[in-house]
Amino acid sequence: MTIQAWMMFALVLFCIGLYGVLARRNLIGILIGIELMLNAASVNVLAVNYHVANDPAVGRIIVLFIIGLAAAEAAIALSIILAVYRQRTSIDVANLEELKG
Amino acid sequence: MNHSLIALVCVASPLIAFVVALVGFRRRHGIAAGIVLTSGVASLVAAAALLLTAHPEAQAFTSRWFVIGDVSIEFGVLLDGRTLIMGAVVALVTLCIQIYSLSYMADDPGRGRFFAFLALFEWSMLSFVFSANLLQTFIFWELIGLSSFLLIGFWYEKPSAVAAAKKAFIMTRIGDVGLFIGLILLFRATGTLDVMEIGRIFEPQGQPSSIPPGQIELIALMLFIGVIGKSAQFPLHTWLPDAMEGPTPVSALLHSATMVAAGIFLVARFHELFLDAPTTMRVMLGIATFTALLAATMAMVAKDMKRVLAYSSISQLGFMLIGLSAGSLFAGYFHLTTHAFFKALLFLCAGAYIHGCGTNDMIAMGRAGVARMRITTIGLVVGGAALAGIPPLAGFFSKEQIIGTLDGSGLFYTIIRIGVYAAAFLTAYYSFRMIFLITRPNADSLAVEDEPAHAQHAGSDHSAGHDPAEPWVMCGPIILLTLGAIGVGFLGGRIAALLGIEHAHAPTLAEMAPAVGIALLGVALAWFEFGRTGARQAGFVASFPPVQTLFEKRWYIDEFYQRVFVRPVVWFAKLCYGTETRALDGAADKLARGVVRAGGETARRHIGRLQLYIGAAVASVAVLVFYLAME
Amino acid sequence: MIAAGLVMVLTIAGAIIGVGARRIVHAIFGLGISLAGVALAFGLLRSPFVAAMEVLIYIGGITVAMVFAVMLSSGGRNEPGEGLLRRTLAAGAALLFLVSVGLVISGTEFGPMPEAVDEAWSVQQIGRDLLNRFNVVFELLSVVLLLAIVGAITIAGRGDESLDPAAADEGWA
């Protein structure tokens with residue numbers, strides 16, 4: 001596979017994730033979209049690492065960091081979702097629009 | 001002690017006194033006055049020591065301030081005949097006035113500040129006089145303007161004083177622009193800022209070949225514009241009479257030896273340059289003669305004693321310029337020196353009278369019996385006679401010199417000579433008019449009091465019946481200056497020697513005769529109209545009411561300036577103010593209000609739809625990327 | 001080549017389920033498929049260690065945590081679906097991005113592939129780099145993770161109404 005193909009694949013994955021972030025009303029759905037976007041980024045990094053970079057270890061370490069940060073982010077996001085649910089018994093973003101000017 | 005150290009003492013002590021008095025003792029008036037007086041004495045002693053031990057050669061002591069390219073800017077003192085005489089005169093007159101002010105300003109709540117300003121003024125003036133560098137000259141020229149502004153406007157709660165201070169500052173500032181341009185041109189032409197060096201360039205006979213003659217004329221003309229402003233020559237003379245709003249010692253200081261003399265001194269300082277600009281010198285001669293005559297006519301009809309003296313100052317400054325621009329450094333410089341003594345003396349006398357009887361009106365003064373203030377009256381008579389040019393007083397010798405220099409032929413010089421004689425005649429006439437109005441009051445005469453005695457001076461508590469007091473602190477300076485007004489005239493030879501000129505023009509009896517005759521004629525006319533028993537005490541101009549009105553209204557020059565310059569400027573300023581407040585501020589306010597309202601509206605619609613915002617952001621980035629991809 | 005194509009199809013299909021499924025549990029299932037595909041892709045890109053981590057952390061950790069979150073909340077049963085307008089707009093923005101960036105990618109010339117490095121399999125190399133070159137980042141990441149754990153417990157363990165930190169302390173103490 002060429003690098004272009006891998007990058008296009010990553011792009012498609014990213015855009016699907018983006019669609020999820022933009023379209024979903026469920027907070028968990030949005031979180032799913034974000035995870036997909038992060039994975040797309042990881043794929044992109046590894047593709048470049050595989051095809052272009054001289055030092056393959058660096059790209060892998062970057063991806064490991066991405067995965068670690070994604071885990072942290074997911075933990076926080078899920079706890080926020082739980083807290084929001086407790087307060088409102090709903091995880092619909094439409095109910096969270098509170099910045100009334 | 002060497003000369004550089006003495007010069008430093010002379011120049012620096014007023015500065016130290018100013019800082020200490022203003023910062024430390026503004027409210028403790030006695031201490032402030034003491035400090036300033038001490039510095040005045042120190043300056044005078046130093047200046048006198050420098051003068052008496054003067055080297056025949058010019059000396060310059062400078063220290064480098066900074067260097068730009070090839071030009072080094074230096075501060076320092078230049079000691080030659082011109083600066084030494086002027087420095088000594090300035091220090092002496094300033095000290096007299098400081099002593100005098102002890103009594104004159106005794107009741108003023110702000111006299112600590114007053115003395116501090118006097119010291120500031122003395123520092124500026126001495127530094128200007130001793131300046132060795134064009135930049136230093138300009139800086140202290142401006143500082144003189146600033147400190148005279150502060151002194152004229154000393155009674156800042158009086159609106160007329162504030163207006164007068166502003167007028168003096170702005171009018172002289174018009175001249176300063178010319179001076180600044182002139183100094184820059186001079187620097188460009190000669191490539192040096194050193195005053196001595198410039199003197200050396202222009203010293204040899206004939207014009208220096210390195211500078212085109214037109215440029216020399218231009219430089220001289222520009223410098224002369226500065227002189228017009230500072231020395232109150234026509235057409236920028238109108239600030240000087242108004243400057244009488246300041247305390248009388250200030251008038252005595254500014255209009256005798258110092259501020260107004262700065263302009264004359266500048267011409268004397270660069271006299272070599274002016275000599276190489278014959279056309280400008282003719283213009284100067286014309287303007288100076290016209291000014292001398294014009295101011296003399298105003299002095300003829302004024303009733304306010306200080307105003308008479310102010311007009312007389314303008315007129316005498318004209319005389320000095322006549323002497324200088326006729327080509328004689330000695331004549332103009334000599335008159336500058338003698339004038340410093342007798343004019344300061346006359347102002348101090350006026351101050352004593354005003355202090356004693358509480359009015360500026362000469363007629364009211366005379367009727368209030370101020371002539372009984374003996375020492376002051378003696379001073380007045382001597383000073384007035386010196387001003388009139390009666391031998392053997394100081395004014396006679398110097399005016400003699402000036403008239404003697406006007407030996408050119410042709411129509412121009414004939415007109416100038418006639419003008420100068422007329423001005424000399426009027427000078428004698430108005431000075432004796434002043435003397436007679438005060439010493440020979442006549443309650444039955446036609447003279448009308450504009451302002452009765454005790455009208456203005458709150459500090460005077462004497463009733464008309466008592467002899468007005470003559471405090472010794474006031475008398476001391478008056479006596480000193482009286483002696484000066486008598487004696488300085490005989491020092492002409494010494495002054496000429498110091499200036500490096502052989503006493504070229506020793507007037508013969510035949511030459512003296514017309515000048516003395518004219519002066520005596522003026523005195524006689526004044527006696528006939530004002531002095532003799534049963535005189536009408538109304539001048540001959542009173543027979544021509546339009547002429548009298550013209551003179552009293554100062555030839556309508558102020559009126560003219562008011563109409564032509566001040567009013568349009570004020571109108572334009574008001575227009576700008578209106579534009580600023582209504583149009584611009586209004587527009588800005590409207591804009592601000594509009595932004596606030598728009599923000600409020602937008603904020604009401606922004607309720608935290610994160611997804612919409614993300615979508616918009618992503619779409620925008622996408623469009624941008626698309627555009628870049630298409631490039 | 002074929003394997004790569006299959007992996008891509010699998011991943012994208014899982015992703016489409018992940019964002020499209022009406023029920024949230026189905027969506028998480030789709031996410032799991034997609035993540036497994038990404039892990040396979042990592043394997044194809046000669047990074048089996050990263051692939052293993054992907055499986056462990058994502059599929060084993062995050063997806064499971066999401067399931068727990070769904071179980072603890074309403075499970076998505078009470079949530080209304082998305083409107084057509086919303087979907088269209090989101091799809092439009094995503095498509096716009098896809099087209100633009102796709103144009104950039106297709107228009108870019110990449111350099112030639114470098115020599116394949118032998119130690120591509122080397123986990124030791126990754127470990128050495130993590131503790132040497134990237135030590136600071138590594139330690140920082142551990143701090144971030146620690147904070148995330150503490151923060152997550154604080155936020156989620158808090159009582160229903162109480163918002164002040166003191167109550168939060170009691171909540172997870």
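This is a predicted model: local features need pLDDT of at least 70, side-chain atom pairs count only at pLDDT 80 or more; totals for chains, interfaces and linings use all residues.
User: Is C:Arg86 buried, partly exposed or exposed?

Analyst: Relative accessibility is the number to read here. C:Arg86 has 28%, so it counts as partly exposed.

User: Let me widen the view to chain C. How many helices and strands does chain C have?

Analyst: Counting elements gives a quick outline of a chain. Chain C has 7 helices and 0 strands, so its order from the N terminus on reads α-α-α-α-α-α-α. Of its 173 residues, 37% are buried. The chain exposes about 9,800 Å², with 71% of that supplied by carbon and sulfur atoms.

User: Where is C:Met53, and what is C:Met53 in contact with?

Analyst: C:Met53 belongs to helix H3 of chain C, residues 48-72. Apart from neighbours within four places in sequence, its contacts are A:Leu64 and A:Ile67 from chain A, and C:Tyr58 from chain C.

User: How do I read the interface of chain A and chain C?

Analyst: Look at the area, then the residues, then the charged pairs. Chain A and chain C bury about 7,000 Å² between them, and carbon and sulfur atoms give 76% of that area. The contact takes 69 residues from chain A and 84 residues from chain C.

User: What area do chain B and chain C bury between them?

Analyst: About 730 Å² is buried between chain B and chain C, with 84% of it on carbon and sulfur atoms. On the chain B side, B:Ala622, B:Val625 and B:Phe626 supply 43% of the area buried against chain C, more than any other three residues. The contact takes 11 residues from chain B and 9 residues from chain C, and 0 salt bridges are found across it.

User: How is chain B built?

Analyst: Begin with the element count again: chain B has 25 helices and 2 strands. Buried residues account for 55% of its 631 residues. Contacts tell you about the fold as well. Among contacts in chain B with a separation of 6 or more, 80% are between residues 24 or more positions apart; in chain C, 46% of contacts between residues at least 6 apart join residues at least 24 apart.

User: Why does B:Arg433 count as buried?

Analyst: The cut-off for buried is under 20% relative accessible area. B:Arg433 has 6% relative accessibility, so it counts as buried. The residue lies in helix H19 of chain B, residues 411-439. Beyond neighbours within four places in sequence, its contacts include B:Ala299, B:Met300, B:Val308, B:Met362 and B:Phe530.

User: Which residues make the nonpolar surface patch of about 540 Å²?

Analyst: The patch is made by B:Trp472, B:Ile479, B:Leu483, B:Ile486 and B:Phe490. Take B:Leu483 as an example: its place is in helix H20 of chain B, residues 472-487, and its relative accessible area is 55%, so it is exposed.

User: Where in chain C is C:Arg46, and what is its phi?

Analyst: C:Arg46 is in the loop between helix H2 (24-44) and H3 of chain C. Its phi is near 60°, a positive value in a residue other than glycine.

Technical notes
Residues are numbered from 1 along each chain as its sequence is written. Chains are lettered from A and ligands numbered from 1 in the order in which they are written. Side-chain values use heavy atoms; hydrogens and water are left out. Helices (H or I, at least four residues) and strands (E, at least two) are DSSP runs, numbered from the N terminus. Buried means under 20% relative accessible area, exposed over 50%, partly exposed in between (1.4 Å probe, protein chains only). Contact means heavy atoms within 4.5 Å. Patches are made of residues with over 30% relative accessible area and no salt bridge: like charges are joined within 9 Å, nonpolar side chains (Val, Leu, Ile, Met, Phe, Trp, Tyr) within 5 Å. Accessible areas come from the Shrake-Rupley method with a 1.4 Å probe; for residues, only the protein chains shown count as cover. A salt bridge is a side-chain nitrogen of Lys or Arg within 4 Å of a carboxyl oxygen of Asp or Glu. Buried area is the accessible area (1.4 Å probe) that two parts lose on being put together, summed over both.
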